Amino acid sequence: MSSWERRLHRAKCAPSYLFSCFNGGECVHPAFCDCRRFNATGPRCQMVYNAGPERDSICRAWGQHHVETFDGLYYYLSGKGSYTLVGRHEPEGQSFSIQVHNDPQCGSSPYTCSKAVSLFFAGEQEIHLAKEVTHGGARVQLPHVMGSVRLQRLAGYVIVRHQSAFTLAWDGASAVYIKMSPEFLGWTHGLCGNNNADPQDDLVTRYGKLTDDVVEFVHSWQEQAPNQPPGPTTSSLPRPPCLQQNPGTMQGVYEQCEALLRPPFDACHAYVSPLPFTASCTSDLCQSMGDEATWCRALAEYARACAQAGQPLQGWRTQLWQCTVHCKEKAFTYNECIACCPASCQPRASCVDSEIACVDGCYCPNGLIFEDGGCVAPAECPCEFHGTLYPPGSVVKEDCNAWSVSAAGKRGVGHGH
Ligand SMILES: [Ca+2]
């Protein structure tokens, strides 16, 4: 029993322990939390089921403390180490594992603390996704193809597609989304659960035990990060993020996060439940002292879930002016839902065939195509867009431009008139 647990048992829900539960739960007895605010479940409200019928079987891990499984079980992840998000062991050398690395030093800013993702495939060196992408420790330029794995950049994201197993989208900073291919139904393990469409049986430990104890489950999937000492080995109940708050502050936090229960977010309620995101938002705001950037980021997570489920909340950021995104590149505008395989001047084969529908970020306005670092109208595309393949080495003249075609059949340097 940790020291705060001992104090908790002595406290009998004294005012200072009113927020000793997770996810908007409130202590009503030392051994009992009232979890009704956000429909949480578990003895200390650690979990929230996402009952949204249209959520897209995407496992999401965002900020430092939030995971929603493929099957829609959200839980508060208190750990600060490295964990297996998704794994799969196969005898034919098709095994893979996706790990997430949280920041052991993270203080009050859950979205600016470091976070990274590692991909391991049988017989291959680690692919590491952080601000940069590395393979076996060496930086790689995207797009990059490695066996049956393709990586490409889209807006601020890195999209990784494993031909037969999954699509992964890493937002470059604080969130990763994974969707398995249909043939992997029920065949995964790790923090993302078993992907069998039943949220009730997701908490299976590394040792194959089904548990209702989030701490035991999470602890069993902890990995020892390379070059780091092993993390704490106790599995005592973690400290809830809102424990130190007083009722007045909590009222403010609830009001801020309950923005998700009102317009413009209500347009998505029938598809994706806002409750796991409202609950995770309160945890983030308790950690960050109500910081506005954290608040916008917490709300953005629900907007992303809606866009990924095919219900993008276009314009929510302009309705909440504090959350407006200003794109660095002049040609770009902010878009809630950039297709993961956007229209391109190049043949379609160059695009990652994504299971995840779209991502948010700064990109060419609708109707324009990203080409050579800028945005062009479809008619301004280089000449092979018209469906003609020119032989390698030839120079093609058109009234607009002259292009030399390289040996690989790709467009080389263009010479404008
Ligand atoms: Ca399940």
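At what angle do helix 4 and helix 5 pack, and how far apart are their axes? Helix 4 and helix 5 (residues 292–308) pack at an angle of about 160°, with their axes 9 Å apart. Axes here are lines fitted to C-alpha atoms, for helices over the stretch in contact, and angles run from 0 to 180 degrees between N-to-C directions.

## Basis of the model

The model is a predicted one, in which local features need pLDDT of at least 70 and side-chain atom pairs count only at pLDDT 80 or more, while totals for chains, interfaces and linings use all residues. Residues are numbered from 1 along each chain as its sequence is written.

## Overall composition

The secondary structure of the protein comprises six helices and 26 strands. Helices (H or I, at least four residues) and strands (E, at least two) are DSSP runs, numbered from the N terminus.

Of the 417 residues in the protein, 42% are buried. A residue is buried if 20 or more other C-beta atoms lie within 10 Å of its own, exposed if 12 or fewer, and partly exposed in between, with C-beta atoms placed from the backbone. Among contacts with a separation of 6 or more, 50% involve residues 24 or more positions apart; two residues are in contact if their C-beta atoms, placed from the backbone, lie within 7 Å.

## The pair of helices 4 and 5

Helix 4 and helix 5 are roughly antiparallel to each other. Angles under 35 degrees count as roughly parallel, over 145 as roughly antiparallel, 65 to 115 as roughly perpendicular and the rest as oblique. Helix 4 passes helix 5 in a right-handed crossing; a crossing is left-handed if the near helix is turned anticlockwise from the far one by less than a right angle, and right-handed if clockwise.

On the helix 4 side, the contact involves F277, S280, C281, D284, L285 and S288. These meet T294, W295, A298, L299, E301, Y302 and A305 in helix 5. The contact residues divide into eight nonpolar, three polar and two charged. Ala, Val, Leu, Ile, Met, Phe, Trp, Tyr, Cys and Pro count as nonpolar, Asp, Glu, Lys and Arg as charged, and the others, Gly among them, as polar.

An open sheet contains 10 strands in the order 3-4-7-6-5-18-17-16-15-14, and its pairing is antiparallel. Strand 3 (40–41) and strand 14 (144–146) are at the edges; each has a single partner strand, so one side of each is left without a neighbour in the sheet. Two strands pair if DSSP finds at least two bridges between them.

Within this sheet, strand 17 (residues 166–170) and strand 18 (residues 175–180) run antiparallel and are joined by five bridges. T167 has K179 of strand 18 as its bridge partner.

Strand 12 (residues 133–135) pairs with strand 13 in the antiparallel sense over two bridges, and T134 has R139 in strand 13 as its bridge partner.

Strand 1 and strand 2 form a hairpin with two residues between them. Three bridges join strand 1 (residues 26–29) to strand 2 (residues 32–34), and the two run antiparallel. The bridge partner of H29 in strand 2 is F32.

## Backbone features in the loops

Cis peptide bonds occur from L142 to P143, with omega near 0°, and between P263 and P264, with omega about 0°. P143 lies in the loop between strand 13 (138–139) and strand 14, whereas P264 lies in the loop between helix 3 (247–257) and helix 4 (275–288).

A155, although not a glycine, has a positive phi of about 50°. A155 is in the loop between strand 15 (149–154) and strand 16 (157–162) and is buried, with 22 other C-beta atoms within 10 Å. A197 likewise has a positive phi, near 75°; this residue is in the loop between strand 18 and helix 2 (214–220) and counts as exposed, with 11 C-beta neighbours inside 10 Å.

## Surroundings of F70

F70 is located in the loop between strand 6 (66–68) and strand 7 (73–76). With 27 C-beta neighbours inside 10 Å, F70 counts as buried. Leaving aside its neighbours within four places in sequence, F70 is in contact with S57, C59, M180, C192, G193 and N195. The C-alpha atoms of F70 and S57 are separated by 4.6 Å, and the two residues are 13 residues apart along the chain.
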